[in-house]
Amino acid sequence: MAPKQPMSGLFVGLKKGHVTTPKELAPRPSDRKGKTSKRVHFVRSLIREVAGFAPYEKRITELLKVGKDS
């Protein structure tokens with residue numbers, strides 16, 4: 001999305017409207033959606049270390065080791 005143009009103070013045209021200063025908004029909780037925390041990252045890495053890889057992940061790593069030609 002293109003950056004907003006500053007208001008010109010005129011009541012007609014593309015940049016119409018009263019001249020105002022933009023308000024600083026606090027970060028919303030939805031902004032961090034999908035970002036893993038340190039704790040979640042640690043727990044997932046620990047589980048991966050203990051449980052190992054899923055069968056499809058094992059096949060993919062094997063293909064990457066040997067080569068994708070087969």
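This is a predicted model: local features need pLDDT of at least 70, side-chain atom pairs count only at pLDDT 80 or more; totals for chains, interfaces and linings use all residues.
Visitor: What radius of gyration does the protein chain have?
Guide: The C-alpha trace spans about 65 × 35 × 15 Å along its principal axes. The radius is taken over C-alpha atoms, and the globule rule is 2.2 Å times the number of residues to the power 0.38. For a compact globule of 70 residues the radius would be near 11 Å, but the protein chain has 26 Å.

Visitor: What percentage of the residues of the protein chain count as buried?
Guide: Buried means under 20% relative accessible area, exposed over 50%, and partly exposed in between (1.4 Å probe, protein chains only). Of the 70 residues in the chain, the buried share is 3%.

Visitor: Which residues form a salt bridge, and how far apart are the closest N and O atoms?
Guide: A salt bridge is a side-chain nitrogen of Lys or Arg within 4 Å of a carboxyl oxygen of Asp or Glu. The whole structure holds one. Glu-57 counts as buried because its relative accessibility is 17%, whereas Arg-48 is partly exposed at 36%. The partners are Glu-57 and Arg-48, with the closest N and O atoms separated by 3.2 Å.

Visitor: Which residues make the nonpolar surface patch?
Guide: Patches are made of residues with over 30% relative accessible area and no salt bridge; like charges are joined within 9 Å, and nonpolar side chains (Val, Leu, Ile, Met, Phe, Trp, Tyr) within 5 Å. Val-43, in helix α1 (residues 38-51), counts as partly exposed because its relative accessibility is 37%. The patch covers about 490 Å² and is made by Phe-42, Val-43, Leu-46, Ile-47 and Val-50.

Visitor: How far apart in space are Ile-60 and Gly-13?
Guide: Helices (H or I, at least four residues) and strands (E, at least two) are DSSP runs, numbered from the N terminus. Ile-60 lies in helix α2 (residues 55-66). In sequence, Ile-60 and Gly-13 are 47 residues apart; in space, C-alpha to C-alpha, the separation is 58 Å.

Technical notes: Residues are numbered from 1 along each chain as its sequence is written. Side-chain values use heavy atoms; hydrogens and water are left out. Accessible areas come from the Shrake-Rupley method with a 1.4 Å probe; for residues, only the protein chains shown count as cover.
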